[in-house]
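User: I would like to learn how to read a pocket and the strands around it in a model. Could we go through one case?

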Amino acid sequence: MKKIVEAIIRPDQVDSVAKALSDLDIAYQMTKVSGIGYSHISTVQRKEREFFYPLPKIKLEIVVDHQLVEKLVRSIIYSAQTGNLGDGKIFISDEEAIAYDEAHF
């Protein structure tokens, strides 16, 4: 069975995580994302109003066999962790095979 691992990390930690994944010989897809989380919200004060704006992050998407998930997650945590709020999140889910009929695609 395969697992999908999604990791949201700080942009300044990409090189460290990419090196760790390369050492494990694991392929990944990287996407720039942004969002507002509960623990790490950036604000700007303008004319007595407070504005929230999304923080830039990097999303890594990785598909691996279930035997590699724990090793992969530990590697991401070790290479991405700074000890500050907003270090990121890791999501793990089962891969589901979906068949599409060409006529409906």
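User: Which residues line the second largest pocket?

Analyst: The lining is made up of Ile-8, Ile-9, Ile-76, Ile-77, Ala-80, Gln-81, Asp-87, Gly-88, Lys-89 and Ile-90. Two or more of the lining residues come from each of E1, helix H2 (69-80) and strand E6 (88-94). The volume of this pocket is about 150 Å³.

User: How many bridges join strand E1 to strand E5, and in which sense do they run?

Analyst: A general point comes before the pairing. In a regular strand, side chains alternate between the two faces of the sheet. Here E1 (residues 2-9) and E5 (residues 55-65) run antiparallel and are joined by eight bridges. Ile-8, one of the pocket-lining residues, has Lys-59 in E5 as its bridge partner.

User: Which residue in E5 stands opposite Val-33?

Analyst: That residue is Lys-57. As for the strands, E2 (residues 29-35) pairs with E5 over seven bridges, also in the antiparallel sense.

User: Which elements have the lowest and the highest mean pLDDT?

Analyst: Where pLDDT is low, the predicted coordinates should not be read in detail. In this chain the lowest mean among the elements, 59, belongs to strand E3 (residues 42-46), and the highest, 96, to helix H1 (residues 14-23). Over the chain, the mean pLDDT is 83, with 74% of residues at 70 or more.

How values were computed:
Residues are numbered from 1 along each chain as its sequence is written. This is a predicted model: local features need pLDDT of at least 70, side-chain atom pairs count only at pLDDT 80 or more; totals for chains, interfaces and linings use all residues. Side-chain values use heavy atoms; hydrogens and water are left out. Two strands pair if DSSP finds at least two bridges between them. Helices (H or I, at least four residues) and strands (E, at least two) are DSSP runs, numbered from the N terminus. On a 1 Å grid over the protein atoms alone, a cavity is a set of points where a 1.4 Å probe fits but cannot get out, and a pocket is an open set with protein on both sides within 12 Å along at least five of seven lines; lining residues have an atom within 4 Å of a point. Grid points are joined across faces, edges and corners, and a volume is the space filled by probe spheres set on the points. pLDDT is the predictor's confidence in each residue, from 0 to 100.
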